[in-house]
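Hi everyone, thanks for coming. I'd like to take a few minutes to walk you through one structure, so please have a look at it first.

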Amino acid sequence: MAIIDIKGITKSYWIGKEKEELKILKGIDLEIEEGEFVAIMGPSGSGKSTLMQILGLLDRPTAGTYLLTGLDVSQLSDDEGAAIRSKTIGFIFQMFNLLARTSALDNVILPMIYSAVPNREERARELLKDVGLTDRMLHKPNELSGGQQQRVAIARALVNRPRILFADEPTGNLASDQAEDILRQLELLNKSGITVIMVTHEQDIAEHARRIIKLKDGVVVSDDAGHSQRGSKSVQTLAVKPKITAAAPSRPSVPVSLSQFKEYGGSAIRAMASNKVRSALSMLGILIGVAAVIAMLAVGQGAQKAIESRIASLGSNLLMIRPESPNVGGVRSASGSVSRLTLDDVKLVSSVPHVVRAEGNVQGNAQVVYGAKNANTQVTGATPLYASMRNSMPYYGRFFTDQEDQRKERVVLLGQTVINNLFGKENPVDKIIKLNRINFKVIGVLPIKGSTGFRDQDDMALIPLNTAMKRAFGMIYLNTIFVECDKGENIPQVMADIKALMRRKHHLPDYKDDDFEIRNMADLQAALSGTTQTFTLLLGIVAAISLLVGGIGIMNIMLVSVSERTREIGLRKAVGAPRRAILSQFLIESAVLSTLGGICGIIFGVSVSLFLSKFAGWAAVVSMDSVLLAFIFSASVGVLFGFWPARKASLLSPIEALRYE
Ligand code: ADP
Ligand code: MG
């Protein structure tokens, strides 16, 4: 029985938009016996490589039957083909087709990954020794000469003990002395019992074979089986011992076992390690995407929290009443007609139901002087209620008392900014300062409130109301009345009641507008937190954009490497990798890169948030949501774009993938 038996094999390509049929092989019948050494000759473009690839199961014929070792292989599935390639066929290419950035040893080990051969490294070393590369095992392809690369390719073709060796112009890219060497190796292998089929277009190379088949325009024009081999005498001078036997190793039939998974994981790790720059770049894309989102959202939420707590420090459930000049016919009247708020008004609003307490304030600017230093600050006159209503218990020193207020005592509490300006590090309590040229004793330090964004709330001095009205400023009317309600939900009711009461008290007829203004501090709080929400939203959008840009970066780097990877996939398939092996490898590879990149991104993003918050004085709020969102998005982009091109390539025939540009 012939080892190869083909009948009526044709191959056509359909070219261009019109799908014009291009017949490359036009019906080829051929029988090759086990142990033959056949040369296929013919001019360039006659279809030699095409025929060889069909014989080697790297490509499929358009029509015809193919019996390989008696088995019909014309209708095999992808993986069945891979299994037969793995155990029966060895292939040597004109372009060597070694994995770049991978040592000679690992290149030779490659086919054994997919055939579960034990003691791989030992076997690879032995074969590399046989082809005379003992001292080049750890060299990478770009560190080897053409002849050496082809010898690595021969060793690789032999690791699974094939019965047939295909060589497509194995010497086409070599200098003549190297070519001789390769040919002698092939002769030797043939002597050991392996069927060798070699394509060449040079007569003197074909002479090494025992049978020469000539192709022209897709048909066999001559088949010279009586040809006698030349140069066989030189065989004895070679060091290679014909120890390779044609026994085919058995192949495990379990779909994906744990050991296979480890195997594919191993090749994923090796592929990543041998393409460090590419791996690093893909990781970088994910890292930046994840880090940007985490940092942006953390800073945004931190800022929001900070502003919210500052707003809360203003006091809660507060209403603020201010005088306002009434609008007459839509025109604001002259400042002389500004209404007046009095201490009586304070008593009046205190009696409104749901009002807990009310307190009147006056405000003015004053020059404060201590020693040689002076500053201009806002001075507020208030009653002792101020401390609890406005969250302003002094954190150092004490507040003034009702008595001090009644007696118009010259005592003052200072905000932190004033203290910094006047005292620096000095303790201000019990010091005497001048306020509008009047001596005041500092009795306490107001708590730090920060800035609302409009005004530095710490740039202030607080003195008793009566002192302010009668000594410091000489005022008879109040600037503001603060009213505290018992509950937030009663605020609208209280506002309406106060409004009615005040209008009556101020004798305002219906056609006149209010001469006062009631402001709900909760509204102000809502307005401010609305602003910070917008701010966070904005940062969120920027973060989403960086995530997108990060994703596009990952996609690019993955897609750019596709042509290289497609050839790698073609090669792996050619040496017997089933589809699931390819897919597992690439899935593991992109998952590992994405996860590593994601973890680095989380670490980096959190550090940046911490740094920024320290720098900006905010508490960073790294939310679990943003971490998860960023990680899942980037990781899925990484896996998708790492895996999708690989899946596409794995659907190509090995030869299509190998030819991919
Ligand atoms: P050679 O005998 O030099 O090895 P090949 O078998 O490589 O020739 O190619 C035979 C012919 O098939 C050439 O004319 C080539 O242009 C054509 N050919 C090969 N591959 C393809 C393809 N994928 N699509 C279209 N034409 C192809
Ligand atoms: Mg060719």
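Let me begin with H1, which is mostly covered: seven of its eight residues are buried. By buried I mean under 20% relative accessible area, with exposed over 50% and partly exposed in between, using a 1.4 Å probe and protein chains only. Helices here are DSSP runs of H or I with at least four residues, strands are runs of E with at least two, and both are numbered from the N terminus. The buried residues in H1 are Lys 48, Thr 50, Leu 51, Met 52, Gln 53, Ile 54 and Leu 55. Just after H1, Leu 57 takes a positive phi of about 60°.

Before I go further, a word on the ground rules. This is a predicted model, where local features need pLDDT of at least 70 and side-chain atom pairs count only at pLDDT 80 or more, while totals for chains, interfaces and linings use all residues. Residues are numbered from 1 along each chain as its sequence is written, chains are lettered from A and ligands numbered from 1 in the order in which they are written, and side-chain values use heavy atoms, with hydrogens and water left out.

Now, which residues surround ligand 1? They are Tyr 13, Ile 15, Ile 24, Pro 43, Ser 44, Gly 45, Ser 46, Gly 47, Lys 48, Ser 49, Thr 50 and Arg 659. A residue is on that list if one of its heavy atoms lies within 4 Å of the ligand. By class, this shell has four nonpolar, six polar and two charged residues. For those classes, Ala, Val, Leu, Ile, Met, Phe, Trp, Tyr, Cys and Pro count as nonpolar, Asp, Glu, Lys and Arg as charged, and the others, Gly among them, as polar.

Let's look at some polar contacts, meaning pairs of N or O atoms within 3.5 Å; within protein, one must be able to donate a hydrogen and the other to accept it, and residues adjacent in sequence count only if both atoms are side-chain atoms. An oxygen atom of ligand 1 sits 2.8 Å from a polar backbone atom of Gly 45, and there is an oxygen atom of ligand 1 at 2.8 Å from a polar backbone atom of Lys 48. For Ser 49, an N or O atom of the side chain is 2.7 Å from a ligand 1 oxygen. On its own, ligand 1 has 560 Å² of accessible area, and the protein covers 66% of that. Those areas come from the Shrake-Rupley method with a 1.4 Å probe, and for residues only the protein chains shown count as cover. Strand E1 (4-15) and helix H1 (48-55) are the elements that give two or more residues to the shell, and H1 gives the most, with three residues.

**The whole chain**

Stepping back, the chain has 20 helices and 22 strands. How does its radius of gyration stand against that of a compact globule of 661 residues? Such a globule would have a value near 26 Å, but the chain has 44 Å. The radius is taken over C-alpha atoms, and the globule rule is 2.2 Å times the number of residues to the power 0.38. Along the principal axes, the C-alpha atoms fill a box of roughly 135 × 55 × 40 Å. Buried residues make up 51% of the 661.

**A few individual residues**

Ile 554 lies in helix H16 (residues 521-560) and is buried, with a relative accessible area of 1%. Ile 554 and Ser 282 are 272 residues apart in sequence, yet 5.3 Å apart in space, C-alpha to C-alpha. Leaving out residues up to four places away in sequence, Ile 554 touches Ser 282, Gly 285, Ile 286, Ser 634, Val 637 and Gly 638; contact here means heavy atoms within 4.5 Å.

Cys 485 and Arg 572 are 87 residues apart in sequence and 78 Å apart in space, C-alpha to C-alpha. Cys 485 counts as buried because its relative accessibility is 1%.

Last, some backbone angles. Most residues other than glycine have a negative phi. Thr 69, in the loop between strands E4 (63-68) and E5 (71-72), has a positive phi of about 45°. Asn 436 has a positive phi of about 50° and is found in the loop between strands E18 (432-435) and E19 (438-445). Thr 69 is partly exposed at 26% relative accessible area, and Asn 436 is partly exposed at 28%.
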